[in-house]
Amino acid sequence: MKSLDKMPFSNKELIIPLAPIREGMLFPHNDVVYSFARSKSVIAVETAFNNSRLIFLTGQADPKINHPQINDINQVGVIARVENIIKTDREVNVFVKGLHRAKISKWQAVEPFFLVKTKILEEVVSQDEETLALMKYLLSQFKEILKLGKQIDVMVSMRLMSTTDPSNFADTIAFFLDINHKERQELLEELDVKKRLVKLTRFISREIQVAEIEKNIVVKTQEKMSQSMKEAILRERKRTIEKELSKLGKDGAGAGDIDELKRKMKKAGMPEKTYKKCLKELKRLQEMPPMHPETSYIRTYLEVMSELPWNKETKDRLSLVKAKQILDEDHYGLKEIKERILEHLAVMKLKAKNSNGQLVKDDNYKPTILCFVGPPGVGKTSVGQSIARSLNRKFVRVSLGGVRDESEIRGHRRTYVGAMPGRIIQSIRNAGSRNPVIMLDEVDKIGNDFRGDPSAALLEVLDPEQNREFVDHYLDAPFDLSKVMFICTANVLHSIPHALRDRLEIIRFPGYTEDEKLIIAKKYLVPKQLKNHGLTKKDIKLTDAILKEVIHFYTKEAGVRELERQIAKIMRKIARRKAEKKKYKSEISLRSLHQILGPRIYSDTVTEDQDMIGMATGLAWTSVGGEVLFVEVTIMPGKGSLIITGQLGDVMKESCRAALSYVRSRWQVLGLKKDFYQKIDIHVHVPEGAVPKDGPSAGVTIATAIVSALTRIPVKKEVGMTGEITLRGRVLEIGGIKEKVMAAHRVGLKTIILPKENQKNLVKIQKQIREDLSFKFVTHMDQVLKIALAKPIKLPRA
């Protein structure tokens, strides 16, 4: 709907909702807050607010009528704009601003609310000397009323003194005068502004006389009233005020609300300084008017403070036998991880006070912050849940992936609209205990921008030296986090800031072997999916051979999430057949498996069928576990350029240049011409170009592929390799050995070339994998070529 101010005065007919007013009629150019409780009025107000925001307000002929009909409503009223509404349990409070006088030209509807066609009335306005004299007289009388103690907003007074519009002036004075309902309607229907001003002189003179009489009565009464009578009256007034405030209930800062908040605060057991701070805020709330904008903010703050578990904590169950039993029930394998967790619990048990299970308040005790690092789906989060269950503590998971705002950790200051505590304090509040297990998930994926660095805020949270008095911006009071057991999870370490990583004890979660996945599927995944799909063991039977088929040819991951999805897919097919009462064989065969899951997604091996020239198999480590990486090199006529493709990072590009420099330095022993590179271009490519790749560990693989392409000697297809290369051909230690070896085993490689300094890492690899693979440890690139190339090259000793 168009704005009234922009519409021409002619033909200003609007179809808008109507709300009848009992008393206190609004005038144009003024604003007021009305409370509506009658259903028709409430619907009319909400309809207006949700559409054009325009509503027609007019008085009732008889204010005592609860359900007025058409004949009970005055024809002349005010078109107003609904600025805002606040709903309560019993009524709707509406802030409206008067715009124009108008009258009803036609009734459109009476149910479910009054809907009328209104016509704006034109006023007769004159700016002659008589009008100006009337305005001047009324202004002086208005000042006299103020001196006699009438309470009027300062902004209204300033507006009256500065306005030159007679209509605006008259309506503002009329709105604030103490005149009855009938007299207000009379002034509203008076369209001649001069006549309206004349009537106002009579009304304002009467009010001045009444105010002077009241003032004299008060003075005389005060002189005669004894001190005891004063005290009695004041006490009675206080009781009446408190009674009225208590009736406000939740809609205002009633006495009942104040007492309830005070009781909760006292029961919360907060520190003395914090309690005094809350009492100060409670006093502010008590002295504020119910409709004050800060009332809800202070109440919310006090509710948060009283709901925090300042002295509530669960009793720790420090039984190592029970903890081991729970860890073994929930997870298969992960022997080293379980050992470290049990060691952690053993320390907690030794620090415990007698047999009550609670930690001694020892300032020298600094609990270790554990950080589980590993690919997705290997059980990092579920291990945290098992730790909480074994300790009999509450478990809360806080996802930090993608968090960029420091306020997410420290909270917002209460000066901001919509402020709330940070995620740490919210988690403790939700847990209802000050010693929960809080898992900070995906700490390696925290970002930062102009709003701050969340990882820097975590330094205080995870530092035992500082978190005893952690100050959330919203609370603005210290909260003890020293009893919280924090556990972090991450897929990679390199993206975690060094200062934060320094506070964490890293526990690596390796990927699972196929044999481990088979046991996990049988013990955990299949029973879980049977329950989720409403099936029983009689409805479906998955043999070891079928599960191995799914693991080997339908999944390629370090964890078991994709395996669980494939098992769920099988269950869904069987559940549908059972629901449709179709006949089917409960035992899944290889043929029926392929019908359900489709053809095999992955081949038996990703290596080549035969030895290839210019192609070597490397091993890589990513955030999702170990991977096999193929490096292809081709030689073509050119001008000595090195072409690198496959979306490689800067470090990997430097490895390509270092590998080529090594080859050029060994041109004699490789049987190459001294200037062999001047008339050729060497193109190094790593397939899967859409996936970014980086890191130094592909150096030996790149060098092997380049030598193979130049010497035309194939690389053995069953050999995989990893290691960083220097310009002199030395092979340096690298990371992620366990994940890389497991990836090599998964794809069917037979021989693995590793840096000699990484030999110590083999002790962490399962015995079965070590027996299935042949490991070759090298210190120089010449040794790599002897093992990897299909034909020997006469090389000097390294």
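At what angle do helix H20 (residues 561-579) and helix H21 (residues 590-597) pack? Keep that in mind while you get set up.

This is a predicted model, in which local features need pLDDT of at least 70 and side-chain atom pairs count only at pLDDT 80 or more, while totals for chains, interfaces and linings use all residues. Residues are numbered from 1 along each chain as its sequence is written, and side-chain values use heavy atoms, with hydrogens and water left out.

**Stop 1: two helices**

Select residues 561-579 and 590-597. Helices (H or I, at least four residues) and strands (E, at least two) are DSSP runs, numbered from the N terminus. H20 and H21 pack at about 100 degrees, with their axes 10 Å apart; axes are lines fitted to C-alpha atoms, for helices over the stretch in contact, and angles run from 0 to 180 degrees between N-to-C directions. The two helices are therefore roughly perpendicular (the word covers 65 to 115 degrees). Now show the side chains in contact (heavy atoms within 4.5 Å): H20 brings Gln 566, Lys 569, Ile 570, Lys 573 and Arg 577, and H21 brings Leu 593, Ile 596 and Leu 597.

**Stop 2**

Next, pick Leu 148, in the loop between H2 and H3. Draw a distance from its C-alpha atom to that of Ser 592: the two are separated by 96 Å and lie 444 residues apart along the chain. Which residues touch Leu 148, leaving aside its neighbours within four places in sequence? Look for Ile 208, Ala 211, Glu 212 and Lys 215.

**Stop 3: a salt bridge**

Select Glu 123 and Arg 196. They form a salt bridge, and their closest N and O atoms are 2.7 Å apart. The term means a side-chain nitrogen of Lys or Arg within 4 Å of a carboxyl oxygen of Asp or Glu. Glu 123 sits in the loop between strand E6 (114-120) and helix H2 (129-147), whereas Arg 196 belongs to helix H6 (residues 193-224), so this pair, 73 residues apart, links distant parts of the chain. The structure holds 41 salt bridges.

**Stop 4**

Most residues other than glycine have a negative phi, and most peptide bonds are trans. Go to His 29, in the loop between strand E1 (13-21) and strand E2 (31-36). This residue is not a glycine, yet its phi is positive, about 70 degrees. Then move to Pro 112, in the loop between strand E5 (92-109) and E6. A cis peptide bond joins Glu 111 to Pro 112, with omega about -5 degrees.

Terms used:
Parallel < 35°, antiparallel > 145°, perpendicular 65-115°, else oblique.
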